Amino acid sequence: MAEVKLVAEVRKEFGKGAARRIRRADKVPAVIYGHGAEPKHVTVDGHALWMALKTPNVLIRMDIHGGKNELCIPKEVQRDPLKGFLIHADLLAVKRGEKVTVEIPVHTEGELAPGGNLLEYILNALPVEAEATHIPEGVTVSIEGLEAGHTVHAGDIPLPRGTALAVDEETAVLQVVAAQAEEVPEEEEEEEAAAEAAGGAAPAEEAAPES
């Protein structure tokens, strides 16, 4: 599991205006909470946090100026809906040996059986329980040769040592479906039928000239 060290400053200003000033300084407001302690409001370098969050469930060692250092993992991140930059982050304080419930990405390897089969993700991430400082970055599922009608359940997915499912084993994660033929719009069907009828009709006989 990746561990990243970040530096934070205690946040002393609050409100929308203060948050905008923080972001203009290329920083991100964040909250660290957990273990029944008072939430810690901090600001973190925006680029450094953005890079750290590229790794799912990254373990962050937060060095807080004027405060106690914290081990934490991302719990909820808000991004600008248009430009994608970070707006706010909620971080969960953790301890070594502590179990946490998180969602880890589901990856696939291999090729489906030939014949136009399609793979549907019912769950993009799998809920699991793992030791806070050893959270897997994801799980990989083989879909080699799977045919339409096959479903991969949570209990079918091999998990790293020390990791347990946080959902029922029968929970569907992936499903293979048959590709459906594209339906022809009703108007096009009528036009095609009319064209066939016109093309197959016998030519009309010409009237004989009068003598």
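Is Glu3 buried, exposed or partly exposed? Glu3 counts as partly exposed, because its relative accessibility is 40%. On this scale buried means under 20% relative accessible area, exposed means over 50%, and partly exposed is in between (1.4 Å probe, protein chains only).

**Before you start**

This is a predicted model, in which local features need pLDDT of at least 70 and side-chain atom pairs count only at pLDDT 80 or more, while totals for chains, interfaces and linings use all residues. Residues are numbered from 1 along each chain as its sequence is written, and side-chain values use heavy atoms, with hydrogens and water left out.

Colour the model by pLDDT, the predictor's confidence in each residue, from 0 to 100. The protein's average is 86, and 84% of the residues score at least 70. Now select helix α3 (residues 186-200), which has the lowest mean pLDDT among the elements, 62. Strand β11 (residues 151-153) has the highest, 97. Where pLDDT is low, the predicted coordinates should not be read in detail. Helices (H or I, at least four residues) and strands (E, at least two) are DSSP runs, numbered from the N terminus.

**Stop 1**

Select strand β1 (residues 3-10) and strand β4 (residues 59-65). These two run parallel and are joined by seven bridges. Two strands pair if DSSP finds at least two bridges between them. Pick Ala8 and look across to β4: its bridge partner there is Ile64.

β5 runs antiparallel to β4, with three bridges between them. Met62 stands opposite Glu70 in β5. The two strands form a hairpin with four residues between them, and Gly66 in the turn has a positive phi of about 75 degrees.

**Stop 2: salt bridges**

Side chains of opposite charge can pair when their charged atoms come close. A salt bridge here is a side-chain nitrogen of Lys or Arg within 4 Å of a carboxyl oxygen of Asp or Glu. By this rule there are four salt bridges.

Go back to Glu3 and show Arg61 as well. Their side chains meet in a salt bridge, 3.0 Å from N to O. Glu3 lies in β1 and Arg61 in β4, so this pair ties together parts that are 58 residues apart in sequence. Arg61 counts as partly exposed, at 31% relative accessibility.

Next show Arg96. Glu3 forms a salt bridge with Arg96 too, with the closest N and O atoms 3.7 Å apart. Arg96 is in the loop between β6 (86-93) and β7 (99-109), so its pairing with Glu3 in β1 ties together parts 93 residues apart in sequence. Arg96 is exposed, with a relative accessible area of 52%.

Now select Glu70 and Lys40. Their salt bridge has its closest N and O atoms 2.8 Å apart. The pair links distant parts of the chain, with Glu70 in β5 and Lys40 in strand β3 (residues 37-45), 30 residues apart. Glu70 is buried, with a relative accessible area of 13%, whereas Lys40 counts as partly exposed at 28%. Salt bridges that share partners join Glu3, Arg61 and Arg96 into one network.

**Stop 3: the nonpolar cores**

A nonpolar core is a set of buried Ala, Val, Leu, Ile, Met, Phe, Trp, Tyr and Cys residues joined through side-chain atoms within 4.5 Å. Select Ile73, Val94 and Leu126, which have the most contacts inside the largest core, a set of 25 residues. β5, β7, β9 (125-131), β10 (139-142) and β13 (172-178) each supply at least two of its residues. The largest share, four residues, comes from β7.

Apart from this core lies another, of 19 residues, among them Ala30, Leu53, Ile64 and Ala89.

**Stop 4: two loops**

Select Ala166, in the loop between β12 (164-165) and β13. Ala166 is partly exposed, with a relative accessible area of 38%. Which residues is Ala166 in contact with, leaving aside its neighbours within four places in sequence? They are Thr101, Pro127, Val128 and Glu129, where contact means heavy atoms within 4.5 Å. The C-alpha atoms of Ala166 and Pro127 are separated by 5.2 Å, although the two residues are 39 residues apart along the chain.

Finish at Asn57, in the loop between α2 (46-52) and β4. Asn57 is buried, with a relative accessible area of 10%. Its side chain reaches the backbone oxygen of Glu103 at 3.0 Å.

Terms used
Polar contact = N/O pair within 3.5 Å; in protein donor to acceptor, adjacent residues only side chain to side chain.
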